[in-house]
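Thanks for coming. I have one structure to go through today, and I will keep it short.

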Amino acid sequence: MGLSKKEAFKILELEQGASADEIELSYKQLALMWHPTKHNGSSTSVQNFEKLCQAYSALTDRDGAQKDSLTLDDMAALFQKAFNIGDSDDSSCDSCYGDVDGRQYCVNHKDAARAALHNGNELIAQEQKEKAQAQRKKSKKKKRRERKRQLKEQQEQGACAVTQEEHKVAILSGSEEKSKSSDGDQEEDDLDPNSAFVAAALNRKGRQGLATQAAPAVTKETKQEEEMSKANIMQSRELALQGNEMANQGLYKEAINLITQAIKLYSVEHRYFGNRSYCFYCLEKYDK
């Protein structure tokens, strides 16, 4: 009766459910350690090597055909398969030796085993190096995705803050105009055209016509300043959004220039500074 998968995982020093790559790597490492050629064909090495081969076969053989015992040539075939060594032609090989735990072992398999033992550690090291590189690439991609997600959230928060600021400016402007209009109406309602004070005031107003005419000019300038302030906010928002788009594409220098222009137009928006700091961080300009 063949090995159970639970026993096979234990022999290969793996947890149950290990991946195919982990199974192959563990088999290679342990097989290199216990290969009979490396231990002068000792009985212990042959027994351990046979267990490893049986465990590897139990976990990788899709047909499920398992043997209670393996010949050395069976073990060598599995060993060659794991290390991608070309199969030898046993039918053309007449010389075998029987000094390995009393079992016959093809000379061609022995030569292949020596080659695998010579290059096995290098092959495993190369596999581990490639897996580490793949893991690093995966980690970098994950970090890039996380940066983009954070930048997108900052963009959405910045756009929301700018919209709220515009709404606040519009409310303040409307309140000021309403307040001025209410004050003017109140003054007109309170005036008594029949009173001597009002008559004297109207006469004085005629004499000070120039001063009275200057008042609307001040109101006009105030409105122009408010309109300029709104225009600056809108323009700074557009520049900031363009800068965020550049940052999403990895063009951090261009993004910094656009966000800096946005800050000059509307410096009270603290998120602009945060976005620009992020771009400096990506360029490794930590002193900025």
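I'll begin with a residue, Met75, which sits in helix 4. Bear in mind that this is a predicted model. Is Met75 buried or exposed? Its relative accessibility is 0%, so Met75 counts as buried.

Now the helix pair. Helix 3 covers residues 43–60 and helix 4 covers residues 72–82. The two pack with their axes 10 Å apart, at an angle of about 60°. Angles of 65 to 115 degrees would count as roughly perpendicular, and at this angle helix 3 is therefore oblique to helix 4. Their crossing is left-handed.

Which residues make the contact? On the helix 3 side they are Val46, Phe49, Glu50, Cys53, Tyr56 and Ser57. On the helix 4 side, Met75 comes back, together with Leu72, Leu78, Phe79 and Ala82. Sorted by class, the contact has nine nonpolar residues, one polar and one charged.

Next, the whole protein. It has nine helices and two strands, and the order along the sequence is α-α-α-α-β-β-α-α-α-α-α. Of its 288 residues, 27% are buried; Met75 is one of the buried residues.

Last, the contacts. Taking those between residues at least 6 apart in sequence, 61% join residues at least 24 apart.

That's what I have.

Key: Residues are numbered from 1 along each chain as its sequence is written. This is a predicted model: local features need pLDDT of at least 70, side-chain atom pairs count only at pLDDT 80 or more; totals for chains, interfaces and linings use all residues. Side-chain values use heavy atoms; hydrogens and water are left out. Axes are lines fitted to C-alpha atoms, for helices over the stretch in contact, and angles run from 0 to 180 degrees between N-to-C directions. Helices (H or I, at least four residues) and strands (E, at least two) are DSSP runs, numbered from the N terminus. Angles under 35 degrees count as roughly parallel, over 145 as roughly antiparallel, 65 to 115 as roughly perpendicular and the rest as oblique. A crossing is left-handed if the near helix is turned anticlockwise from the far one by less than a right angle, and right-handed if clockwise. Contact means heavy atoms within 4.5 Å. Ala, Val, Leu, Ile, Met, Phe, Trp, Tyr, Cys and Pro count as nonpolar, Asp, Glu, Lys and Arg as charged, and the others, Gly among them, as polar. Buried means under 20% relative accessible area, exposed over 50%, partly exposed in between (1.4 Å probe, protein chains only).
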